[in-house]
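Please keep the sequence and the 3D view open as you go through the topics below.

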Amino acid sequence: MRSFIGSTLVVVGLTVLPSLTLAQRRAPVRTDTHAGAQYEFGVDLGADYAKPSSVNGVSTSGGIELLTPVDIRVGFRSRGKLMWEPRVSLGMTTWGGATRDMIGLGVSGLYAMDPSGHSSGMYLTGGAGLVLVNNGFNSGTNLSIGGGVGWRKPFGSAAWRYELGFRYDTKNNAYLPATIRIGGRVGLSLWH
Amino acid sequence: MRNLIGSMLVAVSLVTVPALATAQRAGAQHGGMGGAKHEFGVDVGLVYSKPSGGSGTFAVSTPLDLRLGFVSHSQLMFEPRVSLLFAHTSGASAHAFDLDLNALYGKDHKKGMYLTAGAGADIVGATGAVSGTVFSVNGGVGTRLPYESGAWRLEAFVRYAFKNTSLFEPNTFSVGARAGLSLWH
């Protein structure tokens, strides 16, 4: 019986080994196709559900927001799994001697979960930022933190980028009460 | 007047859509850009606006809009530009959609000077307030400065927005510049 099992294992081994070798040769080599690039540029369309906290004890309604372009993101590519991505948006208007402005500055860390690195596949992200607002009457600054999960899907030499996540903004005296947002952003990334 | 401009925009769209399709096909054969079909870009914009009968306004913003150029092997290419904002809460909503279509004329769509002209519609509205569209025309001159696989793009422009009495928007003349990065795909 033992010799029968042994013979069977040898036969199975001889049958399976060539196919395993072939499979190894055929296995797609997943590499970072943009390893030579230094930056990842992108813009997105963002959609979210926003819920401001109550103001002076009066509860406020949540709402849906849709915006494009959300901001400009410039990712600094790295050889490791972690890369950093500053995001910026700016709006300033001067009229009749009064200036109104809104400046959004943030930085996110992107941790690649895919063997192909920062070119395709899933990634986790988390970051923080500042929103500086002057509405012409008063000004304020708030901190924001956020996190999420995203995917890059190659599209020719570029990639579509999908991201789902949340963001929490602390109270800004010139803009909004503390607000939590849950949503996503979809955009295109190009490497340079 | 608004009907006329609206009709013109529709006509321009009808004329340019086939050209866009042709440009897309031709783009694949554009050796200078390695077969790139599209030019993507975002800019920082500086603009001074002078409404008729009102005070001037100076504005700086980024990202100004999202521009998507359809590369062609001819000297003419078309470039839609878009920015969208929509907000909705219980029983109320507001929107501002800015849609433009520009034509760019240049010897080389990767570098050097180009001339541009276009038209656009700024569609705005809010619950409980008036809604409407402000039509505009614009023109300018720009240049692309190659930067590795991309190019810096600098453009000076003028823009004239037609009044919309229901929105209380007067005729507005603007002059400004936009600077940004273009990448090809």
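A residue is called buried if 20 or more other C-beta atoms lie within 10 Å of its own, exposed if 12 or fewer, and partly exposed in between, with C-beta atoms placed from the backbone. Of the 185 residues of chain B, 27% count as buried. This is a predicted model, so local features need pLDDT of at least 70 and side-chain atom pairs count only at pLDDT 80 or more, while totals for chains, interfaces and linings use all residues. Residues are numbered from 1 along each chain as its sequence is written, and chains are lettered from A and ligands numbered from 1 in the order in which they are written.

**Layout of chain B**

- Chain B has one helix and nine strands; helices (H or I, at least four residues) and strands (E, at least two) are DSSP runs, numbered from the N terminus.
- Read from the N terminus, the order of elements in chain B is α-β-β-β-β-β-β-β-β-β.
- Two residues are in contact if their C-beta atoms, placed from the backbone, lie within 7 Å.
- Among contacts in chain B between residues at least 6 apart in sequence, 55% link residues at least 24 apart.

**Where the chains meet**

- The contact between the chains takes 27 residues from chain A and 26 residues from chain B.
- On the side of chain B that touches chain A, the elements giving two or more residues are β1 (38-51), β2 (57-62), β4 and β9 of chain B.
- β4(B) provides the largest share of that side, seven residues.
- By class, the side of chain B that touches chain A has 13 nonpolar, eleven polar and two charged residues. Here Ala, Val, Leu, Ile, Met, Phe, Trp, Tyr, Cys and Pro count as nonpolar, Asp, Glu, Lys and Arg as charged, and the others, Gly among them, as polar.
- Strand β4 (residues 82-95) of chain A runs antiparallel to β2(B), joined to it by six bridges; two strands pair if DSSP finds at least two bridges between them.
- In this pairing, Gly91(A) stands opposite Ser61(B) in β2(B).

**The largest nonpolar core**

- A nonpolar core is a set of buried Ala, Val, Leu, Ile, Met, Phe, Trp, Tyr and Cys residues joined through C-beta atoms within 7 Å.
- The largest one has 17 residues, and those with the most contacts inside it are Leu190(A), Met77(B) and Leu183(B).
- At least two residues of this core come from each of β8 (158-169) and β9 (179-191) of chain A and β4 (76-89) and β9 (172-184) of chain B.
- Leaving aside neighbours within four places in sequence, Leu183(B) is in contact with Phe41(A), Leu190(A), His192(A), Phe40(B) and Gly150(B).

**A look at Ala179(B)**

- Ala179(B) lies in strand β9 of chain B and counts as partly exposed, because 16 C-beta neighbours are inside 10 Å.
- Ala179(B) touches Asp43(B), Val44(B) and Leu154(B), not counting residues up to four places away in sequence.
- The C-alpha atoms of Ala179(B) and Val42(B) are separated by 8.3 Å, although these residues are 137 apart along the chain.

**Strand pairing in chain A**

- Strand β5 (residues 98-112) and strand β6 (residues 121-134) of chain A run antiparallel, with twelve bridges between them, and Gly104(A) stands opposite Val131(A) in β6(A).
- β6(A) is also joined by 14 bridges to strand β7 (residues 139-155) of chain A, again antiparallel, and there Met122(A) stands opposite Trp151(A) in β7(A).
- The hairpin of β6(A) and β7(A) has four residues between the strands, and Gly136(A) in it takes a positive phi near 95 degrees.

**Backbone points to check**

- Most residues other than glycine have a negative phi, and most peptide bonds are trans.
- A cis peptide bond, with omega about -10 degrees, joins Thr68(A) and Pro69(A); Pro69(A) is in the loop between β2 (63-68) and β3 (72-76) of chain A.
- In chain B, the peptide bond from Thr62(B) to Pro63(B) is cis, with omega near -10 degrees, and Pro63(B) sits in the loop between β2 and β3 (66-70) of chain B.
- Glu148(B), not a glycine, has a positive phi of about 55 degrees. Glu148(B) is in the loop between β7 (132-147) and β8 (150-161) of chain B and counts as exposed, because it has 10 C-beta neighbours inside 10 Å.
- Phe168(B), also other than glycine, has a positive phi near 60 degrees. Phe168(B) is in the loop between β8 and β9 of chain B, and with 9 C-beta neighbours inside 10 Å it counts as exposed.
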